Amino acid sequence: MVLTDITIERLATSDIYRVSVLLAESMCTNPNHISIFGDPSSARMEKQRKMFEMVLSDPKNTSFVAKVNDEILGSMTYTTSDYCQLSKYEIFKSLPKYIKMFGRSLAPVLKWRKNWANHDLASPHVHFGPLAVQKSYQGKGVGKLLLSEFCQYLDESIQVGYLETDKKANVPLYEYFGFKVIATDELFGARNWFLVRQVKKNRAKNDKESQTADNNYI
């Protein structure tokens with residue numbers, strides 16, 4: 001397999017279940033997930049799968065998958081800052097669903113959500129995540145390909161990117177794509193990182209000059 005064999009395409013409804021399994025399997029050993037759900041078991045994995053299925057099914061989120069033929073190698077999701085945080089009312093309204101989904105894990109899930117929400121940017125941005133790659137394809141450039149697509153979208157639309165991670169090993173990868181750590185915090189005894197990718201000044205300047213020229217021409 002070479003990188004050119006991989007295609008990036010919008011997540012199809014028919015692929016939501018498969019991608020939710022991929023996300024649960026890829027992230028179940030992340031520090032926050034271990035602290036909240038414990039060591040992976042079928043029941044604990046199903047909680048995480050349902051959590052990701054909820055994210056992937058939300059029409060306010062945009063998701064893409066990396067594929068070779070029909071095999072899904074990885075996925076990424078993002079949304080705008082208009083929708084990246086739930087209001088207290090939305091959380092309260094969804095509590096019965098959350099209790100059924102998470103059971104005893106609900107309290108730490110809500111603590112996790114609140115901690116990350118407290119660090120969220122107040123200014124407009126595109127909120128990135130989750131990003132995951134099938135374990136057998138990790139380290140082969142799939143994650144970089146997905147991130148490259150996302151950063152190209154940010155540059156073309158002149159938007160700020162924002163993300164969080166609880167894995168130190170992920171930080172250099174995000175920094176490679178122009179994200180910078182703006183804060184860290186301790187959650188469940190583990191370090192979490194919060195990163196921002198600012199609009200490229202030259203790109204914004206060039207687009208503004210082009211728009212001015214077009215307006216003058218018109």
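A nonpolar core here is a set of buried Ala, Val, Leu, Ile, Met, Phe, Trp, Tyr and Cys residues joined through side-chain atoms within 4.5 Å, where buried means under 20% relative accessible area (1.4 Å probe, protein chains only). This is a predicted model, in which local features need pLDDT of at least 70 and side-chain atom pairs count only at pLDDT 80 or more, while totals for chains, interfaces and linings use all residues. Numbering starts from 1 along each chain as its sequence is written, and side-chain values use heavy atoms, with hydrogens and water left out.

Start with Val19, Leu23 and Phe102: in the largest nonpolar core, of 30 residues, these touch the most other members. Now colour the elements giving two or more residues to this core: H1 (16-27), H2 (31-37), H3 (42-57), H4 (88-102), H5 (106-119) and strand S7 (190-197). These are DSSP runs (helices: H or I, at least four residues; strands: E, at least two), numbered from the N terminus. H1 gives the most, six residues.

Next, zoom in on Phe102. Setting aside neighbours within four places in sequence, Phe102 is in contact (heavy atoms within 4.5 Å) with Phe37, Lys47, Met51 and Val109.

On the H1 side, pick residues including Tyr17, Val19 and Leu23; the H3 residues they meet include Met45, Phe52 and Leu56.

Last stop: select Ile6, Ala66, Phe128 and Leu146, which are among the 25 residues of another core, lying apart from the largest one.

Conventions:
Buried means under 20% relative accessible area, exposed over 50%, partly exposed in between (1.4 Å probe, protein chains only).
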